[in-house]
Amino acid sequence: MGNLVWRASRLEPVIELLLETNKLGEFMCVVSGTLISFMDTYNRDMPDIRSDESQFILSICGIVANIAAIPCGRQFIVSNTNGKELLDQIFKALPKIPCVSGDPLKRILLMVLYNISINQNGLVLLQEQRTLLDSLSRIIVCERTAELKVLALRLLESITFDIPNRLVLQSFKKHLPIQKLEGLKEVTDAEIRQYATSVLKNVSKAETELMEQAARPAGPYVPYEECMLAKGSECAKKKCPPTLKKD
């Protein structure tokens, strides 16, 4: 049943219908609770991908990924309390998912987060997550699966595309494996090479722009020497009324 709904959720009208039911918040709560229970039970070694447990968690997380793939869906997730709680659980789950046996789940969760990053509010939320940066860095450095590296790099490219301030920039520079990214610019895999290069360019561009912004004057230049003040004698001649005092 879960796989059937997962496949159906690839159709945008189905997602829109789910949004109209006003039950999507409850579904996010169910997914969040299920993810917590699943990780508590299988945090060291995931069950076989063909098992009922694996199929269920993959299907409901896959539905979330498809919901986040359309604008109204990802806006719902980042603005709904249960949706934001689910994202928080995803942040916590990513670093705990074991390699190899947990790769399918990790893949879907990275897709969820990438879709969320396209939303402006979602982007801000992801940029503030140091746990996420550490998880992505670990995937880039340690994972052997090229697909997971690409997904992590693509997400990094998205969240570094528009770095809003120096605080976020410093967090990126502190938590991202810059040297590893430099090395990935020379690998044979074209996608990995492309995304690694883009991430580094985004960080460098933000650093330059924020430095230039900090060097600019606080406000527009006002040529005060071109301004004139009325002379007191002229005011007296015109019998100007006394200025009222303000509280």
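The model is predicted. The protein chain has 14 helices and 0 strands, and 40% of its 247 residues are buried. Of the contacts between residues at least 6 apart in sequence, 70% join residues at least 24 apart.

**Overall make-up**

- Read from the N terminus, the elements run α-α-α-α-α-α-α-α-α-α-α-α-α-α.

**Helix α8 and what covers it**

- Helix α8 spans residues 120–127, and its buried residues are Gly122, Leu123, Leu125, Leu126 and Gln127.
- The cover over these buried residues includes α5 (71–79), α6 (81–93) and α7 (103–117).
- Also included in that cover are α9 (130–142), α10 (146–160) and α11.
- At the start of α8, a side-chain oxygen of asparagine 119 comes to within 2.9 Å of the backbone nitrogen of asparagine 121.

**Helix α11 against helix α13**

- Helix α11 covers residues 166–175 and helix α13 covers residues 190–215; their axes come within 10 Å and cross at roughly 145 degrees.
- The crossing of α11 past α13 is left-handed.
- On the α11 side, the contact is made by Arg166, Leu169 and Lys173.
- On the α13 side, Val203, Ala206, Glu207, Leu210 and Met211 take part.
- Sorted by class, this contact has 5 nonpolar, no polar and 3 charged residues.

**Serine 171 in helix α11**

- Serine 171 lies in helix α11.
- With a relative accessible area of 10%, serine 171 counts as buried, because that value is under 20%.
- Leaving aside residues up to four places away in sequence, serine 171 touches Arg130 and Leu133.

**Cysteines**

- The structure holds 0 disulfides.
- Cysteine 99 is in no disulfide, and the nearest cysteine sulfur, that of cysteine 142, is 7.2 Å away.
- Cysteine 99 is partly exposed, with a relative accessible area of 47%.
- Cysteine 72 is also partly exposed, at a relative accessible area of 34%.

Technical notes
Residues numbered from 1 in each chain as written. Predicted model: local features only at pLDDT ≥ 70, side-chain atom pairs only at ≥ 80, totals over all residues. Heavy atoms only, no water. Axes fitted to C-alpha atoms, helices over the stretch in contact; angles between N-to-C directions. Helix = DSSP H or I, 4+ residues; strand = E, 2+ residues; numbered from the N terminus. Left-handed = near helix turned anticlockwise from the far one by under 90°. Contact = heavy atoms within 4.5 Å. Nonpolar A, V, L, I, M, F, W, Y, C, P; charged D, E, K, R; others polar. Disulfide = S-S within 2.5 Å. Buried < 20%, exposed > 50% of the residue type's maximum accessible area, 1.4 Å probe, protein only. Polar contact = N/O pair within 3.5 Å; in protein donor to acceptor, adjacent residues only side chain to side chain.
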